[in-house]
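Please read the following report beside the sequence and the three-dimensional structure, which are shown first.

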Amino acid sequence: MVKRKRKRTSPSKKKRTDWLHLFKSERTQFILGVIVAFVGIFMLLAIISFFFTGAADQSKVLNVSFWQLIRSSNLEVDNWTGAGGAFIAERLVNDWFGLFSSLIPIFFIYIGLRLMRVSKFSFIKALFATAFGLICGSISSAFILDNILPDSHVKWGGAHGIEIERFLESSIGWPGIILLIILFIVIIVVTVRRSNMHKIQQTLVDNKPSFLKFEESVESEATIEPDLPEKENKPGIFSKLFSSIKEKLSSNNGTDIEEETSPEEEIEEPIETETKTADSLTPKYVVKPDDDFEIIVPKDDETDSLPADDDKGNKRDLSFITNGNQEAYDPKKDLSMFKFPTLDLLKVYNTGDREINMAEQNENKDKIISTLRNYGIEITSIKATVGPTITLYEIVPQAGVRISKIRNLEDDIALSLSALGIRIIAPMPGKGTVGIEVPNKDPQIVSMHSVLSSKRYQECNYELPVALGKTITNEVFIFDLTKMPHLLVAGATGQGKSVGLNAIITSLLYKMHPAEMKMVLIDPKMVEFNIYSIIENHYLAKLPDEDKPIITDVSKVTQTLNSLTKEMDDRYELLMKAHVRAIREYNEKFINRRLNPNNGHRYLPYIVVVIDEFGDLIMTAGKEIEMPIARIAQKARAVGIHMIIATQRPTTNIITGTIKANFPARMAFRVTSQIDSRTILDMSGANQLIGRGDMLFSQGSTLTRIQCAFVDTPELDDITKYIGKQQGYDAAYPLPEVISDAEAAPGAVDLNDRDVLFEEAARLIVVHQQGSTSLIQRKFSIGYNRAGRLMDQLEAAGIVGGAQGSKPREVFIQDEYSLEKLLDSLN
Ligand SMILES: Nc1ncnc2c1ncn2[C@@H]1O[C@H](COP(=O)(O)OP(=O)(O)OP(=O)(O)O)[C@@H](O)[C@H]1O
């Protein structure tokens with residue numbers, strides 16, 4: 001028989017842990033906090049009263065002990081807080097730190113609030129500030145106030161301040177003390193706010209003595225070489241200050257020098273920008289309300305230091321690459337004056353400094369702990385990271401707890417927190433913790449402005465940069481579409497899909513020059529992308545015969561996708577001829593003028609195909625649509641064609657195996673069922689999102705929860721108008737015309753079986769001298785296939801030449817007379 005050994009805890013040990021537990025309990029700490037805060041308030045009142053009543057009370061409280069004073073019942077004092085208060089105030093003020101002793105009760109009040117979990121200010125900072133204030137404040141008051149008011153009953157610097165001040169006066173003299181006090185003030189001012197340092201720097205620069213300005217102007221005229229970068233030429237403010245003073249002293253040139261404004265006067269401006277940027281990079285600040293609960297509030301990755309309308313899109317300017325002496329080809333030359341939309345077109349949401357709701361955090365923490373405890377799960381630590389819409393609680397369970405047990409408690413935790421959208425990540429990849437994502441009560445909007453003005457986006461050098469929004473740690477989430485290389489977007493209606501697509505398009509528009517990127521926008525709903533029609537001649541690509549810049553008609557979608565596959569094949573041919581493997585190398589070669597345009601070479605812009613409501617298309621057109629999509633998805637990456645397809649219904653008959661296999665990057669907004677989530681992400685999770693732009697981004701095995709950036713219709717309207725009113729190309733980027741295989745072979749055309757419209761079509765082509773299928777289609781209101789067949793018959797009859805990609809065919813017959821003769825001969 002196996003004897004089970006019971007571990008017994010000794011009674012004294014048990015007692016100790018009970019006490020510890022009691023002290024650690026939130027309620028005990030709260031009560032303690034109230035007591036400490038009240039003691040602080042009492043002391044503060046005593047000190048304040050002391051300044052008015054101290055003179056009268058002094059004789060009564062001096063030379064007696066505290067207990068004697070308290071016990072003498074017939075003693076009458078004037079201090080508002082009685083004999084005890086009078087005693088404490090006399091000791092604190094006169095015997096210790098003088099006026100600044102009032103920092104001691106303030107520190108008590110702070111400790112009280114901290115124990116009550118009301119204040120989140122760092123303990124270490126508060127302790128240092130109090131100590132610094134007591135020491136420096138007492139010295140300063142002793143030097144200033146005790147000299148001004150020598151007969152007061154108050155020792156303004158206290159015994160401590162007066163003693164040190166005396167010592168300092170004998171060792172460094174009064175000028176030394178004045179400098180020391182100024183130093184104290186500077187340290188305080190700079191510590192309180194970093195920007196104060198910049199203000200001081202700026203004031204020093206602006207109010208430089210005239211002789212320093214003169215030195216600089218002489219220096220700049222005499223020694224600065226014009227070709228050096230500006231920064232290298234400019235010595236730092238302090239080195240300039242010192243070198244100028246040194247030179248001044250050595251030459252002893254104290255004569256008045258005319259005040260002159262030097263051209264270099266405003267040189268220190270960039271310093272502010274740099275430090276600001278560095279400041280904004282500080283990733284997070286940590287709040288520790290108690291020892292075992294840490295709250296991290298990641299700082300916004302936003303920067304206002306970058307100009308709103310710089311030529312950021314020109315960063316990847318390849319126009320200066322040269323090939324020997326030959327000037328490089330500049331693809332942007334036609335629209336060299338093009339200006340990227342400015343950041344001020346985007347709305348700034350006034351979120352201010354994010355205040356975290358301590359009560360909410362503590363409440364959630366307690367509920368998580370108690371729910372887990374109810375199921376016998378103890379944890380060793382808990383940490384919260386507060387994101388814009390979600391807070392991530394990371395817990396470390398006690399050794400021996402099965403992770404699957406926690407995972408199964410998802411619904412119970414959701415119930416106890418009465419919140420939708422709880423997601424448990426057990427375990428957190430690479431962290432050794434279990435994550436519990438809980439929606440915030442007061443979710444914040446992640447504005448497109450905050451995302452696009454971030455340093456990360458501004459400085460990224462991606463080929464097709466897409467800024468989606470912010471992660472739970474408040475970092476801006478950016479990816480390169482060329483690396484994805486295609487993107488699948490799903491989400492139930494009203495969960496933020498269209499906003500997401502607009503955010504993607506906007507982030508591309510803010511970085512890509514019209515020469516570098518074209519978009520094909522397919523929108524069966526007809527309303528979503530209409531707003532982009534205005535930028536047709538800048539950014540859109542379409543079939544040359546198509547009237548509408550946004551493709552809404554299902555039959556046109558098939559043609560456009562077929563045309564894109566043709567464009568893809570044409571591009572592959574060009575790449576092959578150029579002996580390169582990818583569009584980037586091809587374009588580099590072309591810019592370097594190492595590819596001859598006479599051999600068909602041309603600069604290839606990226607093409608981004610965005611399809612909204614893909615489900616609708618598959619339902620109506622089925623295979624016809626799926627085939628070209630699958631082809632493009634499989635092959636188009638190398639030639640710069642990338643697809644983003646969005647659907648409301650992520651079912652398996654819409655997102656088929658072929659499509660899924662070729663779309664490794666997926667964006668899932670909230671979906672209605674776990675099955676839908678599995679279809680889009682291959683795992684559950686999207687069904688637990690909270691909507692309004694809350695999404696999961698999956699790329700291979702990694703899954704990131706992101707709050708999508710919000711861009712509203714008026715903002716899009718402003719952006720597209722800003723682009724639309726600028727000079728664009730003559731037309732949208734033409735996609736090649738395609739004719740089906742059967743129609744493409746001229747040999748297959750039987751001229752004895754001519755279309756009834758044949759003669760009229762021939763006359764139309766000759767009169768317009770334009771061999772365009774779309775012209776026939778438009779004039780006779782016939783479908784594309786019939787118009788294509790007519791064109792083949794015209795080619796077989798020798799009226800027009802062969803197909804030339806996207807260009808119209810050559811017309812061989814110059815006038816109507818010759819045409820009539822030819823038609824007669826055919827009859
Ligand atoms: N990122 C976001 N931040 C804040 N609110 C958002 C965000 N995205 C969407 N919303 C809110 O949700 C509403 C619906 O969004 P959206 O139109 O993008 O949904 P949808 O998924 O495209 O719906 P449908 O498929 O019916 O067109 C928006 O009007 C907006 O109020």
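## Loops, a ligand shell and a helix

His579 lies in the loop between α20 (554-577) and α21 (583-591), where helices (H or I, at least four residues) and strands (E, at least two) are DSSP runs, numbered from the N terminus. The model is predicted, so that local features need pLDDT of at least 70 and side-chain atom pairs count only at pLDDT 80 or more, while totals for chains, interfaces and linings use all residues. Residues are numbered from 1 along each chain as its sequence is written.

Most residues other than glycine have a negative phi, and most peptide bonds are trans. His579, which is not a glycine, has a positive phi near 55°, and Asp682, in the loop between α25 (674-681) and β15 (694-699), has a positive phi of about 65°. A cis peptide bond, with omega about -10°, joins Met484 and Pro485, and Pro485 is in the loop between β8 (476-480) and β9.

| Residue | C-beta atoms within 10 Å | Class |
|---|---|---|
| Gly491 | 29 other C-beta atoms | buried |
| Ser498 | 22 other C-beta atoms | buried |
| His579 | 10 C-beta neighbours | exposed |
| Asp682 | 12 C-beta neighbours | exposed |

Gly491 is in the loop between β9 (487-490) and α18, whereas Ser498 is in helix α18 itself.

Around the ligand there are 14 residues, the closest being Thr493, Gly496, Lys497, Ser498 and Gly693, where a residue is near a molecule if its C-beta atom, placed from the backbone, lies within 6 Å of it. Helix α18 (residues 497-509) gives the largest share of this shell, three residues.

Helix α5 (residues 103-115) has 13 residues, which at 1.5 Å a residue should span 18 Å, and this agrees with its end C-alpha atoms, which are 18 Å apart; the expected span is 1.5 Å times one less than the number of residues. Among the buried residues of α5 are Leu103, Phe107 and Ile111, and just after α5, Arg117 takes a positive phi of about 60°.

Terms used. Buried ≥ 20, exposed ≤ 12 C-beta atoms within 10 Å, placed from the backbone.
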